[in-house]
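My entries follow in the order I made them.

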Amino acid sequence: MSSSTISITGTGVSAGAGTGEGTGAPAGGGTERPDPAREAADDLCAAVLTSLRRKDQREKGRQYVQGLLALTGRKSMRGIAGQVGGGAAEQSMHHFISGSTWDWQPIRANLSRFLEAASPLTAWVAQPMAIPKGGEHSVGVANRFDPHQGQMFRGQQAFGIWFASAALASPVGWEMFLPEAETSAGAAAGAAVAGLAEEHAARAAYEEAAAAAVISTVRRGGSPVRPVVLDIRGIGTRSTMNRFAEAGLPVIARIAPSTPVLVTDPALPGHGAGARCARDVLQSVKGLSTPVEWSEPDPAAGGARHRSTLAVAVRVMMPDPSPARRRHLLLVGEWTDPRRPPSQLWVTDLVRLPVGPLLRLTKQGRRVAFAAEHSGQEAGLRDFAGRALPGWHRHVTLASVAHAARALTARRG
């Protein structure tokens, strides 16, 4: 794979520049400027909603997407239905999302293929999405520890699987991390598990949910094999890396500074010394680091900001009780301040790529995080308020279609 295949740009992400007039009605008297995303959404819906067998379902799906794009602020069912007919429409739309039986997976696969045709895929990015919520009236709400942010919160935890190309970034797959998953993981470790053991079990379930969500999305989408960026703190464990190797997907994943690794380059300090923590390995070779330039979205400038940090890549393995299962990896470290320890640490099985393209590949995570916060809010990715998990999946799928319409028009602009 050439380095140009995984170059990073910050210009293809919608920066939240409004959602039109918010009325959902045709422009009256020629005074309102049409929203290009809403115009593009009709063509997009015609292409990706084909798995809905009935014409009325495809029309409701189109109306729901249009409602998400038309409304400003929080996207409520009442507000979306208000775009197409008020109270009676609200009941019908609620049934379409929460009470119907249509399958959301084919729509996600169609969306992935549509985006691939518009702008060839660079990487898949797993982006955690914490959704703060109070009360008990939404599916999956609990007191949670968010490993990505390193703090407690009350609400839902979900994973978005984002399609990232040179020109756009948009979600195409979703999984919610449910309290039941944590409970079953803890039970598997024993009924009396507590303290650090319980936290470890919950963390393992979190990693498993993230990995499963990515692999399922990529397999259903039918896109070419591309790297997966797991920008989640400490997710690059041996089990996660092995899971992606078994699935045939190249991956670059963030690791904790304390992660044990084996240095395999005979010319470097630590070779043959057994397992060492990744931070110490990188500190010992900091003198070999080189400047790497990359860009990130800059909302103030309305484009991208160019940055440069120091990075180095070291050949390593992860310790395994069976030497036959040990795989050659690269440990990548980045320094934003050379006087301090590395700010980010990654492991990858893309062992033939130089450090520059590898570091720029990791920045897809920052780009997706920016899109999730800005244009994701416009599309209503966090705005489902129902008890049914299938309803959440249908909402977030159609919100992804709305997000894609916005991203595609930003790209054309």
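**Entry 1: a glycine in a helix**

I started with G365, which sits in helix α11, residues 364-373. The model is predicted, and I kept that in mind throughout. Is G365 buried or exposed? I read 0% relative accessibility for G365, and the cut-off for buried is under 20%. G365 therefore counts as buried. I232 lies 133 residues away from G365 along the chain, and their C-alpha atoms are 9.0 Å apart.

**Entry 2: helix α1**

I moved to α1, which covers residues 36-48. I counted 13 residues in this helix. The distance from the first C-alpha to the last is 18 Å, close to the 18 Å expected at 1.5 Å a residue. I also looked for a bend, and α1 has one of about 25° at D42. Then I looked at the start of the helix. There, a side-chain oxygen of D35 comes to within 3.0 Å of the backbone nitrogen of A37. A37 is also on the list of buried residues in α1, along with R38, A40, A41, L44, C45 and V48.

Why does the length of α5 agree with expectation? Helix α5, residues 105-118, has 14 residues, which at 1.5 Å each should span 20 Å. Its end C-alpha atoms are 20 Å apart, so the two values agree. I noted its buried residues as well: I107, R108, A109, N110, L111, S112, L115 and E116.

How many residues of α10 are buried? This helix runs over residues 355-362, and seven of its eight residues are buried, so I noted it as mostly covered. The buried ones are V355, G356, P357, L358, L359, L361 and T362.

**Entry 3: enclosed space**

I turned to cavities last. Rolling a probe the size of a water molecule over the atoms shows where empty space remains. I found one cavity of 30 Å³ or more in the structure. The largest cavity holds about 60 Å³ of space.

Which residues line the largest cavity? I listed R238, M241, N242, M318, D320, R325, R326, R327 and L329. Helix α8, residues 238-247, contributes the most to this lining, with three residues. I then sorted the lining by residue class.

How values were computed. Residues numbered from 1 in each chain as written. Predicted model: local features only at pLDDT ≥ 70, side-chain atom pairs only at ≥ 80, totals over all residues. Heavy atoms only, no water. Helix = DSSP H or I, 4+ residues; strand = E, 2+ residues; numbered from the N terminus. Expected span 1.5 Å × (residues − 1). Bend = angle between axes of the 7 residues up to and from the residue. Buried < 20%, exposed > 50% of the residue type's maximum accessible area, 1.4 Å probe, protein only. Polar contact = N/O pair within 3.5 Å; in protein donor to acceptor, adjacent residues only side chain to side chain. 1 Å grid on protein atoms, 1.4 Å probe; cavity = no way out; pocket = protein on both sides within 12 Å on 5 of 7 lines; lining within 4 Å. Points joined across faces, edges and corners; volume = space filled by probe spheres on them.
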